[in-house]
Amino acid sequence: MPPRKQVPPPAAAGVPDLKLLFSELVRLETELWDAVERRLRADHGLPLPNFEFMQVIARTPNCRVQDIATALSITVGGTSKIVDRIEAAGQCARRANPDDRRSSIVELTPVGKRLLARATATFEDELRTRLGAALSDRSAAQFTRTLTRLRAAVSSADAGQRTA
């Protein structure tokens, strides 16, 4: 028997329920992440974090660990550990950074590029199934703009708290 969906209490007329919005965003992220990860692991043996890192590496010229951390809003230490795993799997390699000897340039190997191409097709298929079926192109574009504004607002609030 499927789990019962909770019915949220009604919000006051015209007043957004930000607690409900938070809950829905977090649950959506968790459920979508889990579904996409299951598919990538089943079809390619590829964890979703590795896939995300490989996407950043592929699109970032002279990619450094710091670039990946910034792009994915995570710590440099955690980023370095996952890059180590991707490198150990033979999917990326590090080389000396000619502009800064304290950092390395991370590049996908030929094996990593082939895996990323196959996994990207699977990833896009899964997103079409899970998101495309529920949103029109126009709604998806608007939702993306809204999420981008929300992320900017959260970052701005964080910056304000650091300077206070």
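Me: A nonpolar core is a set of buried Ala, Val, Leu, Ile, Met, Phe, Trp, Tyr and Cys residues joined through side-chain atoms within 4.5 Å. Which residues of the largest nonpolar core touch the most other members?

Reply: Leu 40, Phe 51, Met 54, Ile 68 and Val 83 do, out of 22 residues in that core. Buried here means under 20% relative accessible area, with exposed over 50% and partly exposed in between (1.4 Å probe, protein chains only). This is a predicted model, where local features need pLDDT of at least 70, side-chain atom pairs count only at 80 or more, and totals for chains, interfaces and linings use all residues. Numbering starts from 1 along each chain as its sequence is written, and side-chain values use heavy atoms, without hydrogens or water.

Me: Which elements supply this core?

Reply: H1, H2, H3, H4, E2 and helix H5 (110–132) each give at least two residues. H2 has the largest share, six residues. Helices (H or I, at least four residues) and strands (E, at least two) are DSSP runs numbered from the N terminus. The protein chain has six helices and two strands, in the order α-α-α-α-β-β-α-α.

Me: What makes the buried residues of H3 line one face of the helix?

Reply: Val 65, Ile 68 and Ala 69 are the buried residues in H3 (residues 65–72). Down the helix axis they fall within an arc of 100°, so they line one face. The arc is taken over directions from the helix axis to the C-beta atoms. Their cover includes H2, H4, strand E1 (92–96) and strand E2 (104–108). Ile 68 touches Phe 53, Val 56, Ile 57, Cys 63, Thr 79 and Val 83, not counting residues up to four places away. Just after H3, Ser 73 takes a positive phi of about 55°.

Me: Why are H2 and H4 called roughly perpendicular?

Reply: H2 (residues 48–59) and H4 (residues 76–88) pack at about 95°, axes 10 Å apart. Roughly perpendicular covers 65 to 115 degrees; under 35 is roughly parallel, over 145 roughly antiparallel, the rest oblique. H2 and H4 are therefore roughly perpendicular. Pro 49, Asn 50, Phe 53 and Met 54 in H2 meet Thr 79, Ile 82, Val 83 and Ile 86 in H4. That contact has six nonpolar, two polar and no charged residues.

Technical notes
Axes are lines fitted to C-alpha atoms, for helices over the stretch in contact, and angles run from 0 to 180 degrees between N-to-C directions. Contact means heavy atoms within 4.5 Å. Ala, Val, Leu, Ile, Met, Phe, Trp, Tyr, Cys and Pro count as nonpolar, Asp, Glu, Lys and Arg as charged, and the others, Gly among them, as polar.
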